[in-house]
Amino acid sequence: YPDLHMFLPRETFLIDFFNGGGGYCSVELVYAVCCVGSLFKENIKASASANASTNANESDRYYSLARQRLFTSLGKPSITAIQGFLLLGVADLHRADLNACWLHVGMGLRIGFNIGFHLAPDYKVHRVSKLFKSRIYWGCFILDHFVSTVMGRTRTTMLRVDESTIEESGKVPDLEWIAEFNPQTMGNRIIDVSTPLKSICLLYTSD
């Protein structure tokens with residue numbers, strides 16, 4: 001972080017996970033987060049082969065739970081549905097299942113179009129909310145272009161700059177307490193995700 005998961009801001013997810021009511025956390029999204037997290041989990045005291053097998057089994061279980069709930073709730077498009085499908089796509093990438101990745105990422109982005117995530121709101125929205133909505137969209141933009149590049153289909157990206165009116169991502173206010181959820185290698189540092197996010201977007205859009 002920042003990485004392929006920038007479409008899922010930690011701040012919004014954690015605030016809603018602990019307090020609820022913000023529309024940035026759902027049961028299916030938690031399962032999807034656990035699915036990807038299980039793939040990264042390491043236990044240096046266990047043998048590599050045994051640990052990999054255990055983590056894969058955990059990830060498969062969360063993958064199935066997330067996927068079942070996401071498909072069941074297709075009639076209720078939401079930000080968390082976008083993020084959930086994209087996380088399944090990331091899990092598919094790690095498994096080298098490119099067809100499933102293409103399907104899940106595509107579904108997530110189409111849900112995004114359905115709720116207009118690429119358009120600047122035409123009503124008054126709190127500045128911080130705008131910043132997070134922008135980060136989610138441009139994080140989706142990066143994953144869309146990355147997956148298309150991996151698949152060798154760079155001309156089939158769904159998200160294009162000239163079709164979006166949402167502002168570029170900016171720095172959001174620091175939340176000191178989320179440092180507790182940082183990887184140990186990061187310590188108490190708070191990373192400004194907006195700077196690398198904008199730089200990566202620029203790389204994908206430059207000729």
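How many disulfides does the structure hold? The count is zero, where a disulfide is a pair of cysteine sulfur atoms within 2.5 Å. Here is a friendly tour of the rest of this predicted model, in which local features need pLDDT of at least 70, side-chain atom pairs count only at pLDDT 80 or more, and totals for chains, interfaces and linings use all residues. Residues are numbered from 1 along each chain as its sequence is written, and side-chain values use heavy atoms, with hydrogens and water left out.

**Overall build**

- The protein chain has seven helices and zero strands; helices (H or I, at least four residues) and strands (E, at least two) are DSSP runs, numbered from the N terminus.
- Read from the N terminus on, the order of elements is α-α-α-α-α-α-α.
- Of the 207 residues in the protein chain, 43% count as buried; buried means under 20% relative accessible area, exposed over 50%, and partly exposed in between (1.4 Å probe, protein chains only).
- Among contacts in the protein chain with a separation of 6 or more, 71% come from residues 24 or more positions apart; a contact means heavy atoms within 4.5 Å.

- C35 takes part in no disulfide, and the nearest cysteine sulfur, that of C34, is 8.9 Å away.
- C35 is buried because its relative accessible area is 0%.
- C101 is likewise a buried residue, with a relative accessible area of 0%.

**Helix 1 and its packing**

- Helix 1 spans residues 10-19, and its buried residues are R10, E11, T12, F13, L14 and D16.
- Those buried residues of helix 1 pack against helix 2 (27-40) and helix 6 (127-150).
- Just after helix 1 comes G20, which takes a positive phi of about 70°.
- As background, an α-helix has 3.6 residues a turn, so residues three or four places apart point the same way.

**A nonpolar surface patch and its aromatic pairs**

- I15, F17, F18, W177 and F181 form a nonpolar patch on the surface, with about 480 Å² of accessible area together.
- Such patches are made of residues with over 30% relative accessible area and no salt bridge, with like charges joined within 9 Å and nonpolar side chains (Val, Leu, Ile, Met, Phe, Trp, Tyr) within 5 Å; a salt bridge is a side-chain nitrogen of Lys or Arg within 4 Å of a carboxyl oxygen of Asp or Glu.
- F17 lies in helix 1, and this residue is partly exposed because its relative accessible area is 43%.
- The structure holds nine aromatic pairs; rings of Phe, Tyr and Trp (its six-membered ring) pair if their centres lie within 6.5 Å, and planes under 30 degrees apart count as stacked, over 60 as edge-to-face and the rest as tilted.
- One of these pairs joins F17 and F18, whose ring centres are 5.2 Å apart with planes at 90°, so the pair is edge-to-face.
- F18 also forms an edge-to-face aromatic pair with W177, at 6.3 Å centre to centre and with 75° between the planes.
- Because F18 lies in helix 1 and W177 in the loop between helix 6 and helix 7, this pair ties together parts that are 159 residues apart in sequence.
- Both partners count as partly exposed: F18 has 49% relative accessibility, and W177 has a relative accessible area of 37%.
- Elsewhere, ring pairs link F113, F117, Y137, W138 and F141 into a cluster.

**Q83 in helix 4**

- Q83 is placed in helix 4 and counts as buried, since its relative accessibility is 1%.
- Leaving aside neighbours within four places in sequence, Q83 is in contact with F7, L8, P9, Y24, L29 and I136.

**A96 in a loop**

- A96 sits in the loop between helix 4 (79-94) and helix 5 (98-114).
- The phi of A96 is near 65°, a positive value in a residue other than glycine.
- At 61% relative accessibility, this alanine, A96, counts as exposed.

**T195 in helix 7**

- T195 belongs to helix 7 (residues 194-205) and is partly exposed, with 45% relative accessibility.
- The C-alpha atom of T195 is separated by 8.2 Å from that of S169, a residue 26 residues apart from T195 along the chain.

Terms used: Areas by Shrake-Rupley, 256 points an atom, 1.4 Å probe, with all protein chains shown as cover.
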